[in-house]
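Subject: A structure for you to look at

Hello,

Here is the structure I promised to pass on. Have a look at it first, and then read on for my notes.

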Amino acid sequence: MPRNSSSSEDAPSTAEAVKDNEPTATRTPVMDEAPGEVVLTLQEQADQIVRKNTYWSAGLGAIPVPGLDLIGIIGSQVKLIHELSKLYGVTFCENKVRNSIAVLLGSVGVVNLTLLPVSSMLKLIPGVGTILGGLSLPIIGGGASYALGKVFINHFEAGGTLLDFDPEKTKEFFRKQFEEGKLVATSK
């Protein structure tokens with residue numbers, strides 16, 4: 001069954017092709033339809049999870065305590081992938097997720113990666129530092145969460161699991177989604 005997903009057109013797949021006779025989580029509706037209830041597709045539910053966690057990450061980036069903000073963002077990103085795993089019926093493995101997050105964050109370049117702890121530490125400087133750190137970290141954290149969500153949606157839509165996820169193959173897609181995610185994090 002073909003998927004109409006705008007995010008998966010450019011994205012590479014790390015999963016093997018799914019045979020027609022194999023049941024997959026992407027072929028099974030997740031929500032039961034109740035009379036008068038609007039039923040969301042799997043893709044729409046996944047997009048809602050990504051947006052919600054993007055905003056959570058952005059909000060956690062605004063925590064004024066250096067270090068605690070980064071812990072909150074990373075926790076939100078792990079939670080995001082856990083929710084997507086659950087939605088797609090994929091077994092969750094926290095260690096694999098944390099390693100994948102580290103590899104993908106490393107792909108956005110030294111400047112963006114360095115901005116995370118620098119933005120957090122800027123909050124130690126009263127006044128201007130607090131303002132700059134409070135403005136930049138939510139955007140970077142939210143953008144990274146958005147990109148992670150899009151990468152894992154694409155992977156799960158292709159029938160992949162956390163065990164066969166190869167972050168090296170998705171770095172370019174992650175970078176594109178990171179730029180888009182920074183815009184999403186600043187909207188609302």
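To begin with a question: are Phe174 and Phe178 buried or exposed? Both of them are buried. Please keep in mind throughout that this is a predicted model.

First, the overall picture. The protein chain has six helices and zero strands, so its pattern along the sequence reads α-α-α-α-α-α. It holds 188 residues, of which 43% count as buried. If you take the contacts between residues at least 6 apart in sequence, 73% of them join residues at least 24 apart.

Now to the aromatic residues. A search of the whole structure turns up four aromatic pairs. One of them joins Phe152 and Phe156, whose ring centres are 5.8 Å apart; with the planes at 50°, the pair is tilted. Both residues belong to helix α5, which covers residues 128-157, and they sit four residues apart there, about one turn of the helix. Phe152 is buried, with a relative accessible area of 0%, and Phe156 also counts as buried, at 2%.

Phe174 and Phe178 make another aromatic pair, and this one is stacked: the centres are 6.4 Å apart, with 15° between the planes. Planes under 30 degrees apart count as stacked, which is the cut-off behind that label. These two residues are in helix α6 (residues 171-186), and because they are four residues apart, about one helical turn separates them.

There is also a cluster to look for: ring pairs link Tyr88, Phe152, Phe156 and Phe165.

Next, a polar residue. Gln77 is in helix α2, and with a relative accessible area of 1% it is buried. What does its side chain make a polar contact with? The partner is the side chain of Ser145, at 3.2 Å. Leaving aside residues up to four places away in sequence, Gln77 touches Ser57, Ile101, Leu105, Gly141, Ala144, Ser145 and Leu148.

Helix α2 spans residues 68-88 and also contains Leu68. Leu68 is partly exposed, with a relative accessible area of 44%, whereas Gln77 is buried. Together with Val65 and Ile71, Leu68 forms a nonpolar patch on the surface, and the three have about 280 Å² of accessible area together.

Finally, have a look at Phe92, which lies in the loop between α2 and α3 (94-106). Its relative accessibility is 25%, so Phe92 counts as partly exposed. Not counting residues up to four places away in sequence, Phe92 touches Val78, Ile81, His82, Ser85, Val97 and Leu162. How far apart are the C-alpha atoms of Phe92 and Leu163? They are separated by 9.1 Å, although the two residues are 71 apart along the chain.

Best wishes

Technical notes: Residues numbered from 1 in each chain as written. Predicted model: local features only at pLDDT ≥ 70, side-chain atom pairs only at ≥ 80, totals over all residues. Heavy atoms only, no water. Patch = residues over 30% accessible without salt bridge, like charges linked within 9 Å, V, L, I, M, F, W, Y side chains within 5 Å. Areas by Shrake-Rupley, 256 points an atom, 1.4 Å probe, with all protein chains shown as cover. Salt bridge = Lys/Arg side-chain N within 4 Å of Asp/Glu carboxyl O. Buried < 20%, exposed > 50% of the residue type's maximum accessible area, 1.4 Å probe, protein only. Polar contact = N/O pair within 3.5 Å; in protein donor to acceptor, adjacent residues only side chain to side chain. Contact = heavy atoms within 4.5 Å. Phe/Tyr/Trp six-rings, centres within 6.5 Å; stacked < 30°, edge-to-face > 60°.
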